[in-house]
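Hi,

Here's the structure I said I'd pass on. Have a look at it first, then read my notes below.

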Amino acid sequence: MGGAHSREDLELIDSDEEEQQSEGEENFQDAEERIQRSAERGPKTPASVDDVEAKLKALKLKYASTSQTPNLKNAVKLYVHVGGNTPKAKWVTSEKLTSYSFCKTCRMEVDDDEEDVEEEDEDEEREDSWWILRVGSKIRVKVSAEMQMKTFGRERRVDFVARGVWAMKFFSVEDYRVFVAKYTDCMFENTYGYEATEQNRVKVYGKDFIGWAKPEAADDSVWEDAEESLLRSPGSATPVRANQDLREEFEEAAHGGIQSLALGALDNSFLVGDSGIQVVKNYSHGIQGKGVYVNFDDGSYRGGSNLARSTPRKALLMKAETNMLLMSPMNEGKPHTTGLHQFDIETGKVVTEWKFEKDGTDITMKDIANDSKGAQLDPSGSTFLGLDDNRLCRWDMRDRKGMVQDLASANTPILNWNQGHQFSRGTNFQCFASTGDGSIVVGSLDGKIRLYSINSMRQAKTAFPGLGSPITHVDVTYDGKWILGTTDTYLILICTMFTDKDGKTKTGFAGRMGNRISAPRLLKLNPLDSHLAGTNNKFRNAQFSWVTENGKQERHLVATVGKFSVIWNFQQVKDGSHECYVNQEGLKSCYCYKIVLKDDSIVDSRFMHDKFAVTDSPEAPLVIATPLKVSSFSISSRR
């Protein structure tokens, strides 16, 4: 299936009766204005109140609704989205008049006659209780990022997910603001376990990052500088056009179930599947099969390897893309492994089975990465990075004895611990990536994102506090100025640039950023798209488009959500005047994206190297893999 724009936010449409009411309310406002103007002019004032009443009644106004509103605490109008992803999709009125409340509870199912516990004594609250949002008798939902709450200041409206997609319309701007403020406080307490006070916000974020809690107080000048520098960059000369489109070049069946992509910057890319590796050819319009397939269990290697019985979770190209490191988990569902296999692409054989060891003791790794963004193109490269829960290190494949042992040997060769650090506890590293110069960004289970310079892996130069959700994947631009973190429910884009005390511009990899730190920006799906993405609607593997040359700027961001591949324009996300950011509450969130919908869950979505970009498509093709198919798309900017 092809590409599509994100769905525009549909207007809230009521039933026929409600439409008449809406029209009547507009006429009521017009009538009031006419009466006001008449009052100002004097002579044409209606003869009596009865005349005014008669005219208003002729408009068929629903007095019951308007008269109840002032007397009902936290009054809202509730809508529900019906029709899913069909032409008949629309918003319909669920309740013309209802009310909401925030309650603290230790269970999700709240009895209808249960009193709100917002005011209950602290000593009666259980430690494992949390805030929920109740709306009338239909909605009970824990206040969390999974709600995908989206605010519309101008419309006095919020949309969210709670076993369906809902919208609440408030009767006044003040009502809307009260709700958003309370929701924000409840979200903070549910996320961090502390009451939403100024003191606790400083405790969670740190005084240097208070702008993350109060974006209006943050220094956003670095975003403005970034926009100007991007426009001046020769690598970003192509203007952003509103009619940029996605064009599917071709789709073909893959050999076996695809588990991961290993895109090359040279002639070939690779699809790693359940039983082997399929070699595909790189073109300016995408990737296409060459008919070459290597089975893991066809006798192409010897030794006691269990590779044939465990599908590699990670494939890393090395040595000018002539070799590939294959990393398989020890146990299903857990990423840790005690070693990896070195696959020689030219011969189609596994040549070495390596073992992770430090100080004579077997250790595990959960992720591996290249030394730098372009390291896979280095023909002499022999080192790579490793990450475990509390370890960050560099491994060297050169054997201490001067030669790599053969698989026929009785002993598995040991990788050399080249450099790194084993932290005592508490880091909970999850994922990492490297910049063009070899600096390292690491994402953690607690949401923290740490920056390490090329000179030291012992202590982070900068540690961003995160927003409470685990970082499951992280990427960084070639120049190290931008970081993209993936969580289950949103992406977080961080600018690492700052000005030091001498007036020099640096990144957080090179020095401590102090308190001149900008607030991050979030990239989200609107509630409807999040719901339509299906049960497996978690963000995965968000990354920048791929450049390996100084002076060039990445153009797009892409992430996978269930059957969706979601693409954002990088320059548009940075633009502080972008329409998405108008009248938003809290951190700026960008909802302007394009979606590619596939028939099956997507394994991975990645942009090819920018050398494969062509004239009418300034971005290199996007490759999307499902377990059984691989597709290539071009982002066209033709008028």
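Let's start with a cysteine: is cysteine 103 buried or exposed? It's buried, with a relative accessible area of 3%. Keep in mind that this is a predicted model.

Cysteine 580 isn't in a disulfide either, with the sulfur of cysteine 592 3.4 Å away; the cut-off is 2.5 Å. Cysteine 580 also counts as buried, at 13% relative accessibility.

Next, the nonpolar cores. The largest has 27 residues, and Trp482, Leu491 and Trp568 are among those with the most contacts inside it. Elements giving it two or more residues include strand 29 (482-486), strand 30 (491-495) and helix 9 (570-574). Another core, of 26 residues, lies apart from it and includes Phe209 and Leu587.

On to charges: there are 17 salt bridges. My pick is lysine 598 with glutamate 251, whose closest N and O atoms are 2.8 Å apart. These two are 347 residues apart in the chain, with lysine 598 in the loop between strand 38 (594-597) and strand 39 (604-607), and glutamate 251 in strand 9 (residues 245-253). Lysine 598 is buried at 4%, while glutamate 251 is partly exposed at 35%.

Also try aspartate 396 and arginine 398, which meet in a salt bridge at 2.7 Å, N to O. Here the aspartate 396 end is buried at 7%, and arginine 398 is exposed at 51%.

Cheers

Note on methods
Residues are numbered from 1 along each chain as its sequence is written. This is a predicted model: local features need pLDDT of at least 70, side-chain atom pairs count only at pLDDT 80 or more; totals for chains, interfaces and linings use all residues. Side-chain values use heavy atoms; hydrogens and water are left out. A nonpolar core is a set of buried Ala, Val, Leu, Ile, Met, Phe, Trp, Tyr and Cys residues joined through side-chain atoms within 4.5 Å. Buried means under 20% relative accessible area, exposed over 50%, partly exposed in between (1.4 Å probe, protein chains only). Helices (H or I, at least four residues) and strands (E, at least two) are DSSP runs, numbered from the N terminus. A salt bridge is a side-chain nitrogen of Lys or Arg within 4 Å of a carboxyl oxygen of Asp or Glu.
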